[in-house]
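Trainee: Hi, I'm new to this one. Can you show me what we're working with?

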Amino acid sequence: MRFIPHTDDDVRRMLAAIGAPSVEALFDSVPEKLRLGRPLALPSAASEQEVLAELAELAARSDHAGATAWFLGAGTYHHFVPAAVDALVSRGEFYTAYTPYQAEISQGTLQAIFEWQTMLCALTGLEVANASMYDGASATAEAALMALRVTRRRKVAVSAALHPSYRRVLETYLGGLDAELVELPRDPSGTTAPVAPHLDADTACVILQQPNFLGAVEDLSAAAAAVRERGALLVACTTEALSLALLRAPGDAGADIACGEAQSFGVPMGFGGPHLGFLASRAKHVRQLPGRLVGATE
């Protein structure tokens with residue numbers, strides 16, 4: 001009775017209350033041919049130790065990222081995650097059965113978001129960053145929507161070397177709007193060809209991935225100069241946020257918006273998700289920045 005708390009008397013009283021003659025009668029609406037007339041074909045019960053041994057044997061049949069060299073990814077990467085990450089995110093201050101706005105934990109959540117935004121500003125070279133982006137692809141789409149709002153234009157120029165999945169998400173986000181996607185070709189070296197010939201007075205932004213999907217490092221400074229001359233915005237997208245610590249910061253290279261994926265900062269691959277998007281911009285565009293924004297008052 002430990003796992004089935006209703007006694008026979010409980011069952012009789014409940015059936016009497018609803019006017020049913022038996023438990024079986026509750027299933028009269030299910031056709032007889034669809035009912036299983038025998039016990040389930042399950043093995044006999046096993047001890048905890050036996051179950052764990054069997055599961056371990058099954059798991060050992062598969063390779064895993066921690067036991068093999070890792071050369072693939074395309075936006076999802078296997079990195080060493082320090083034990084401090086799990087220790088911090090499992091603290092009770094961050095747990096709740098409802099929302100992260102409850103008084104007993106909200107201050108810790110606000111502090112964590114503030115630290116996250118501060119770190120992103122340092123990495124991207126931009127003045128303001130938000131929180132609550134689902135993943136790199138949707139963060140890139142949000143960056144495009146932001147550029148449309150800021151410039152009040154309708155064309156989004158996208159490098160052919162942008163992650164193809166990001167491109168499809170962009171098409172989905174912009175598909176129902178009065179917006180047009182323009183593809184920027186890439187040259188034989190794998191980088192995006194000069195963007196100036198493909199820009200006009202209706203271009204809202206240019207989106208370049210850094211490094212791009214082919215692994216080439218883009219010349220953001222040259223693109224920024226051409227984009228600025230047309231009055232548009234430059235969006236720098238990265239699918240590997242650790243590269244922000246190695247390459248020139250997008251903001252320092254002239255980008256107006258930086259977005260992308262930070263899964264490698266401590267989120268396991270998890271068969272493709274969930275991920276962690278980010279979005280940063282210049283302070284003058286803060287009113288068009290989506291998501292949460294936590295600041296320190298003085």
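Trainee: Which residue forms a salt bridge with Asp-202?

Mentor: Arg-154 does, with the closest N and O atoms 3.9 Å apart. A salt bridge is a side-chain nitrogen of Lys or Arg within 4 Å of a carboxyl oxygen of Asp or Glu. Before we go on, this is a predicted model: local features need pLDDT of at least 70, side-chain atom pairs count only at pLDDT 80 or more, and totals for chains, interfaces and linings use all residues. Residues are numbered from 1 along each chain as its sequence is written, and side-chain values use heavy atoms, with hydrogens and water left out.

Trainee: OK. Where do Asp-202 and Arg-154 lie?

Mentor: Asp-202 is in the loop between strand S3 (180-184) and S4, and Arg-154 is in the loop between H5 and S2, so the pair ties together parts 48 residues apart in sequence. Helices (H or I, at least four residues) and strands (E, at least two) are DSSP runs, numbered from the N terminus.

Trainee: What about Glu-57, which residue does it pair with?

Mentor: Arg-61, at 3.1 Å between the closest N and O atoms. Glu-57 is partly exposed at 40%, while Arg-61 is exposed at 60%.

Trainee: Which residues are linked in a network of salt bridges?

Mentor: Asp-9, Asp-10, Arg-12 and Arg-13.

Trainee: New topic, the backbone. Which peptide bond is cis?

Mentor: The one from Gln-210 to Pro-211, with omega near -15°. Pro-211 sits in the loop between strand S4 (203-209) and helix H7 (220-229).

Trainee: And what is phi of Ser-132?

Mentor: Near 80°, which is positive in a residue other than glycine. Ser-132 lies in the loop between strand S1 (128-129) and helix H5 (136-151). Arg-152 is not a glycine either, and has a positive phi of about 60°.

Trainee: Where does Arg-152 lie?

Mentor: In the loop between H5 and strand S2 (155-159). Arg-152 counts as exposed, at 77% relative accessibility. Ser-132 is partly exposed, at 41%.

Methods: Buried < 20%, exposed > 50% of the residue type's maximum accessible area, 1.4 Å probe, protein only.
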